[in-house]
Amino acid sequence: MAGGETIKHSSLKFLAIAWAREQGLSIAAPEVSFPHRKFRVDVAACCPARKVPSRKPVKSLDVVLKAAAVFECKQVRSDLIRDNKQREVLSRRLKTLEARRARMEALLQVHLPHLANGESLLPEFDSYRFREYRHEGYRKLVKNIATAKKVLLVGTKFDRLFSYRLANLHYLVVEEALIETHELPVGWGLLVRRGEELHLVDKPTWKDIAVEEQLIFLQRIATRRSFGIHDAL
């Protein structure tokens with residue numbers, strides 16, 4: 001291990017870079033960060049839209065990259081599950097927790113009427129100071145609801161990365177038998193290691209990205225040690 005990274009994870013990144021170059025993504029680098037999105041990907045790779053320098057000047061810059069791709073490498077299933085919690089599951093859990101809170105608060109209103117704020121003429125529309133009451137079960141429930149809402153709002157790693165439109169293509173790179181295709185994050189492609197090669201098992205969804213994001217993508221790779229940059233010149 002180097003800096004907390006295992007040999008397997010490092011080799012997956014190396015294979016991702018090699019695979020990207022084979023697909024024509026000639027500029028690639030590992031551990032590329034995108035501070036404006038507070039993200040760092042295992043590998044980023046791209047292909048310039050035109051050769052540089054060119055004899056023909058460009059009047060307006062409307063495209064920089066033919067394609068930009070990010071790769072996330074997972075060697076163990078526990079890491080994958082942690083980063084791939086589905087929004088639907090979280091949403092259902094939150095709905096269940098909120099229903100449980102409604103039932104608990106209805107019971108507490110009956111047994112603890114003195115906690116009513118008294119701002120309404122009709123008791124059924126009155127609010128209650130339940131948070132002041134040291135009911136351990138209720139406190140734990142409220143905390144769980146807050147946590148679920150936070151996770152749902154922030155989203156999961158794969159969901160957020162896909163929605164931010166940092167790249168045109170998103171690939172999950174894994175060891176063999178680590179994940180089934182139906183478990184893939186929405187929009188992501190799947191590359192599976194077999195021996196010393198990566199095999200495309202499922203294609204990703206193409207996402208258009210703005211020219212500003214293309215420039216940022218190229219700039220962020222440039223801040224890292226680039227591989228094969230002479231191929232693009």
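The model is predicted, so local features need pLDDT of at least 70 and side-chain atom pairs count only at pLDDT 80 or more, while totals for chains, interfaces and linings use all residues. Residues are numbered from 1 along each chain as its sequence is written, and side-chain values use heavy atoms, with hydrogens and water left out.

**Overall fold**

- The protein has 6 helices and 6 strands; these are DSSP runs numbered from the N terminus, with helices being H or I of at least four residues and strands E of at least two.
- Along the sequence the elements follow the order α-β-β-β-α-α-α-α-β-β-β-α.
- Of the 233 residues, 41% count as buried, where buried means under 20% relative accessible area, exposed over 50%, and partly exposed in between (1.4 Å probe, protein chains only).
- Among contacts (heavy atoms within 4.5 Å) between residues at least 6 apart in sequence, 64% join residues at least 24 apart.
- The protein exposes about 14400 Å², and carbon and sulfur atoms supply 55% of it; accessible areas come from the Shrake-Rupley method with a 1.4 Å probe, and for residues only the protein chains shown count as cover.

**Aromatic pairs**

- Rings of Phe, Tyr and Trp (its six-membered ring) pair if their centres lie within 6.5 Å; planes under 30 degrees apart count as stacked, over 60 as edge-to-face and the rest as tilted.
- The protein has 6 aromatic pairs by this rule.
- In one of them, the ring centres of Trp19 and Tyr171 are 5.1 Å apart with the planes at 65°, so the pair is edge-to-face.
- This pair ties together parts 152 residues apart in sequence, because Trp19 lies in helix α1 (residues 7–22) and Tyr171 in strand β4 (residues 169–175).

**Charge over a ring**

- Arg37 lies over the face of Tyr164, 4.7 Å from the ring centre; the rule asks for NZ of Lys or CZ of Arg within 6 Å of the ring centre and within 35 degrees of the ring normal.

**Positive phi outside glycine**

- Lys38, not a glycine, has a positive phi of about 55°.
- Lys38 sits in the loop between β1 (27–34) and β2 (39–48) and is exposed, at 79% relative accessibility.
- Arg165, not a glycine, has a positive phi of about 55°.
- Arg165 is in the loop between α5 and β4 and is partly exposed, with a relative accessible area of 38%.
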